[in-house]
Amino acid sequence: MIVLPVLFLLGSLFLCRPVEASSQSGTIQKLKDAALSAGSLSCKWDCNCTYNRQRSCCCAADDMYKLEETTFLKLVNVWGQIKELNADVEECTKDVKIAFSATIDPSIAVSMPGTSERCFGPFNTNVPIPYSIVSLNSGSGFNPTMGIFTAPRAGVYLFSFTAYSYVERGERLYHKVQLMKNGAKVVSVWENNREDGEDSATQVVILEMNRGDQVYVELTSGRKLCNSLQYNIFTGYMVYPNHDM
């Protein structure tokens with residue numbers, strides 16, 4: 001029983017350095033024959049690998065190579081499934097990325113006779129406010145010319161607007177701005193006094209929308225928004241889609 005370990009030890013010594021076939025072939029052959037005659041080995045020993053291609057050979061080489069190949073093929077398969085899943089997610093959520101944000105272009109204001117004010121309004125009827133400076137319009141639901149948002153798909157949406165106006169000392173703050181859904185008033189903000197020269201107010205609402213529903217902000221008749229109109233903001237986004245509507 002001592003002979004077999006010794007033979008393996010001698011074989012290992014040969015594995016640690018290049019073997020010159022001319023001087024060592026006889027010794028290698030003897031070790032090979034001795035190993036084969038020792039009976040069954042503890043693993044599937046590849047004698048050709050061990051004695052003829054010493055470097056990078058081991059008892060478990062074949063199993064390791066098979067495991068490496070199997071793992072690689074599994075990783076390739078998983079990567080393919082991830083790419084398919086990513087494509088499916090993008091297809092399902094491409095219409096869910098709906099959001100917009102816009103402000104009034106100050107250049108639409110006109111000079112008010114007898115004052116230094118530049119205002120949007122007053123008009124003799126309610127007028128949708130054209131928020132024409134658009135910083136975000138994902139989903140292309142917002143029309144900056146009309147200031148109207150049309151829902152690309154059904155879902156629950158959040159909308160907010162800020163009404164801002166500034167007048168010179170002694171002038172009158174006089175505005176009423178309201179959020180409309182399909183022509184019906186939802187919420188509003190207003191101001192009517194000569195005590196303040198500046199006013200800002202914001203409303204935030206959550207609405208359930210069908211595809212094609214429209215939301216906009218309007219200035220009511222006889223009212224006006226003056227100076228620094230860029231501080232008037234209208235924003236909205238889909239909170240989540242509703243597949244039942």
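1. The side chain of Ser 165 places a polar atom 3.0 Å from the backbone nitrogen of Cys 226.

2. Before going on, a word on the model. It is a predicted one, where local features need pLDDT of at least 70, side-chain atom pairs count only at pLDDT 80 or more, and totals for chains, interfaces and linings use all residues. Residues are numbered from 1 along each chain as its sequence is written, and side-chain values use heavy atoms, with hydrogens and water left out.

3. Back to Ser 165, which belongs to strand β8; helices (H or I, at least four residues) and strands (E, at least two) are DSSP runs, numbered from the N terminus. Ser 165 has a relative accessible area of 1%, so it is buried (under 20% relative accessible area, with exposed over 50% and partly exposed in between; 1.4 Å probe, protein chains only). Leaving aside neighbours within four places in sequence, its contacts (heavy atoms within 4.5 Å) include Leu 173, His 175, Asp 199, Lys 224 and Cys 226.

4. Strand β8 spans residues 155-166 and is mostly covered, with 11 of its 12 residues buried. Two strands pair if DSSP finds at least two bridges between them. On that basis β8 runs antiparallel to β11 (residues 198-209), with 12 bridges joining them, and Tyr 164 has Ser 200 as its bridge partner in β11. Strand β14 (residues 233-241) also pairs with β8 in the antiparallel sense, over 8 bridges; there Ser 160 stands opposite Thr 235.

5. Asp 199, in strand β11, deserves a look. What is the nearest side chain of opposite charge to Asp 199? That is Arg 223, 10 Å away, and the buried Asp 199 has no salt bridge (a side-chain nitrogen of Lys or Arg within 4 Å of a carboxyl oxygen of Asp or Glu). For charge, Lys and Arg count as positive and Asp and Glu as negative, while His and the chain ends are not counted. Beyond neighbours within four places in sequence, Asp 199 is in contact with several residues, among them Tyr 164, Ser 165, His 175 and Glu 191.

6. The structure does hold 1 salt bridge: Lys 224 and Glu 117 meet through their side chains at 3.6 Å, N to O. The two lie 107 residues apart, Lys 224 in the loop between β12 (214-219) and β13, and Glu 117 in the loop between β2 and β3. Lys 224 is buried, with a relative accessible area of 16%, and Glu 117 counts as buried at 1%.

7. The structure also holds 1 disulfide (a pair of cysteine sulfur atoms within 2.5 Å). It joins Cys 119 to Cys 226, S to S 1.9 Å, linking strand β3 to strand β13 across 107 residues. The torsion about the S-S bond of Cys 119 and Cys 226 is about 105°, so this disulfide is right-handed. Both Cys 119 and Cys 226 are buried.

8. Finally, the sheet around that disulfide. It is an open sheet of 3 strands in the order β2-β3-β13, with antiparallel pairing. Strands β2 (110-111) and β13 (225-226) stand at the edges with a single partner strand each, so one side of each is left without a neighbour in the sheet. Between β2 and β3 (residues 118-120) there are 2 bridges, and Val 110 stands opposite Cys 119.

Notes:
A polar contact is a pair of N or O atoms within 3.5 Å; within protein, one must be able to donate a hydrogen and the other to accept it, and residues adjacent in sequence count only if both atoms are side-chain atoms.
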